[in-house]
Amino acid sequence: MPQETQGHGHHHDPLEKKKQLNRLSRAMGHLQHVKKMMEADEDCAEVLIQLSAVESALHGLGKEIINEHITHCIAHAVENHDEAAIEDFKKAINRYL
């Protein structure tokens with residue numbers, strides 16, 4: 001059963017949420033590795049490669065969140081004529097991009 005989130009009254013698929021949280025955890029682990037590499041004065045080129053992987057993972061997570069939000073939350077907002085939810089999402093997209 002989908003779980004309602006606080007603040008905006010829409011539902012998230014628990015499987016998608018778990019997938020997104022796992023992706024975030026992996027990105028956090030990679031970022032911790034980057035920190036350790038820097039602390040150990042490892043090769044800057046290798047640090048940059050790892051940092052690029054973290055950025056890519058976060059960008060992919062952002063795309064997943066946007067896709068799910070459009071598919072579920074914005075679809076419901078349109079059905080319910082919830083202009084505020086649509087405007088809030090537009091603002092969030094503009095900040096994200």
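1. Aspartate 41 is exposed, because its relative accessible area is 69%, where exposed means over 50%, buried under 20% and partly exposed in between (1.4 Å probe, protein chains only). Aspartate 41 is placed in the loop between H1 and H2. Its phi is near 55 degrees, a positive value in a residue other than glycine.

2. On the basis of these values: this is a predicted model, in which local features need pLDDT of at least 70 and side-chain atom pairs count only at pLDDT 80 or more, while totals for chains, interfaces and linings use all residues. Residues are numbered from 1 along each chain as its sequence is written, and side-chain values use heavy atoms, with hydrogens and water left out.

3. Aspartate 41 also belongs to a negative surface patch, together with Glu42, Asp43 and Glu46. Patches are made of residues with over 30% relative accessible area and no salt bridge, with like charges joined within 9 Å and nonpolar side chains (Val, Leu, Ile, Met, Phe, Trp, Tyr) within 5 Å. A salt bridge is a side-chain nitrogen of Lys or Arg within 4 Å of a carboxyl oxygen of Asp or Glu. Asp and Glu count as negative, with the charge placed at CG of Asp or CD of Glu.

4. Histidine 81 sits in the loop between H2 and helix H3 (83-96), and it counts as exposed because its relative accessibility is 64%.

5. Which residues make the nonpolar surface patch? Leu21, Leu24, Met28 and Leu58 form it, over about 350 Å². H1 supplies the largest share of this patch, 3 residues. Leucine 58 lies in helix H2 and is partly exposed, because its relative accessible area is 40%.

6. As to the overall fold, the protein chain has 3 helices and 2 strands, in the order β-β-α-α-α from the N terminus on. Helices (H or I, at least four residues) and strands (E, at least two) are DSSP runs, numbered from the N terminus.

7. Of the 97 residues of the protein chain, 22% count as buried. The chain exposes about 7,500 Å², of which carbon and sulfur atoms supply 57%; accessible areas come from the Shrake-Rupley method with a 1.4 Å probe, and for residues only the protein chains shown count as cover.

8. Among contacts (heavy atoms within 4.5 Å) with a separation of 6 or more, 48% join residues 24 or more positions apart.
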